Amino acid sequence: MTLFGKKKTNQVMNHMEENIKEEDLFTFATFEESKGEEMVFSDYSYWGSTARVFLKNRFAMILLSLLILMVLFTLIQPYLPNQYNPNTIVNDPGTGMQLRNIPPGDEFILGTNSIGQDLWARIWSGTRTSLFIGIMVASIQALIGITVGVLWGYIRKLDFVLTELYNILDNIPNTIVLILISYIMRPSIRSMIFAMCLTGWIGMARFIRNQIIIIRDRDYNVASRTLGTPVHRIVFKNLLPYLVSVIMLQMALTIPMAIGNEVFIAYIGLGLPVNIPSLGNLINEGRVLATSPALRYQLLYPTIFLSFITISFYIIGNAFSDAADPKNHM
């Protein structure tokens with residue numbers, strides 16, 4: 001381009017710049033109070049997505065429905081008509097003799113035991129007792145374990161003390177604790193729950209602690225602490241929701257484990273008194289009669305109930321854990 005051409009171009013550019021007004025170069029933003037209240041809306045719901053994923057698991061839903069019906073029936077069974085008391089010994093009206101070892105039939109749906117008690121009533125009463133023990137143990141262990149685990153994992157100053165406490169308690173076999181408490185305290189539902197919870201929360205606390213350490217220093221938690229967010233809000237809003245799936249899985253597995261411990265304690269003769277029916281007591285009573293083919297039903301029926309409860313909680317717990325994982329949400 002020649003010198004004349006460059007000069008001509010510069011003149012044109014300068015002329016255009018002179019004619020352009022300042023308001024044409026910039027658009028000034030205005031403040032609207034109504035716009036300030038607007039925010040981006042998302043129809044995503046964590047619990048809604050969890051429920052949708054869980055409902056797709058048909059087998060887990062069938063087991064959950066049957067389990068709910070079982071729990072409801074254990075509550076209403078004593079109030080139904082023509083029900084025997086689980087501790088009542090039924091006698092023959094004509095002879096006055098105990099109706100011992102009557103096989104399942106019209107009068108006794110599941111038969112009677114060796115002293116004439118209705119096995120139907122005793123199994124439902126035992127299921128009610130065992131489920132109560134399992135749910136209480138799982139709830140108490142979760143409450144203590146989550147509280148200690150969060151403090152253990154989030155507050156660094158407590159790490160040494162709680163780690164040493166864990167090393168001490170974890171090396172005490174749970175079976176020894178159950179046996180000692182059963183010897184020291186009077187056998188009852190309270191003493192059994194206390195014995196199972198005395199050191200049972202350690203595993204939950206350790207698990208929660210490890211999970212908290214993994215997510216404690218992620219960017220969103222560091223940002224929350226930098227902004228001055230209170231610790232309790234970080235724990236309840238940032239940490240615990242992330243652990244819902246694993247907590248529910250641990251609780252679901254704790255219930256059958258507690259029932260299994262109750263069965264074991266009854267097996268070694270330190271379980272609940274005979275006037276408090278439980279699946280452990282019923283299985284222990286039926287075990288003695290297992291060698292007699294005609295009386296094996298006294299072991300078979302409570303074992304079926306125990307197996308159903310154990311398998312159901314395991315499958316439902318795993319299904320809910322998968323459903324609660326945000327990675328599985330669409």
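User: Why does Phe108 count as buried?

Analyst: This is a predicted model, in which local features need pLDDT of at least 70, side-chain atom pairs count only at pLDDT 80 or more, and totals for chains, interfaces and linings use all residues. Residues are numbered from 1 along each chain as its sequence is written, and side-chain values use heavy atoms, with hydrogens and water left out. Buried means under 20% relative accessible area, exposed over 50% and partly exposed in between (1.4 Å probe, protein chains only). Phe108 has 3% relative accessibility, so Phe108 is buried.

User: What makes Tyr84 partly exposed?

Analyst: The relative accessible area of Tyr84 is 28%, so the label is partly exposed.

User: Why is the pair of Tyr84 and Phe108 called stacked?

Analyst: Rings of Phe, Tyr and Trp (its six-membered ring) pair if their centres lie within 6.5 Å; planes under 30 degrees apart count as stacked, over 60 as edge-to-face and the rest as tilted. For Tyr84 and Phe108 the centres are 5.5 Å apart and the planes at 25°, so the pair is stacked.

User: Why are Phe54 and Phe320 called edge-to-face?

Analyst: Their ring centres are 6.2 Å apart with the planes at 70°, so this pair is edge-to-face. Phe54 itself is buried, at 9% relative accessibility.

User: How many aromatic pairs are found in the whole structure?

Analyst: The search finds 8 aromatic pairs. One aromatic cluster is formed by Phe73, Trp120, Trp124 and Phe305.
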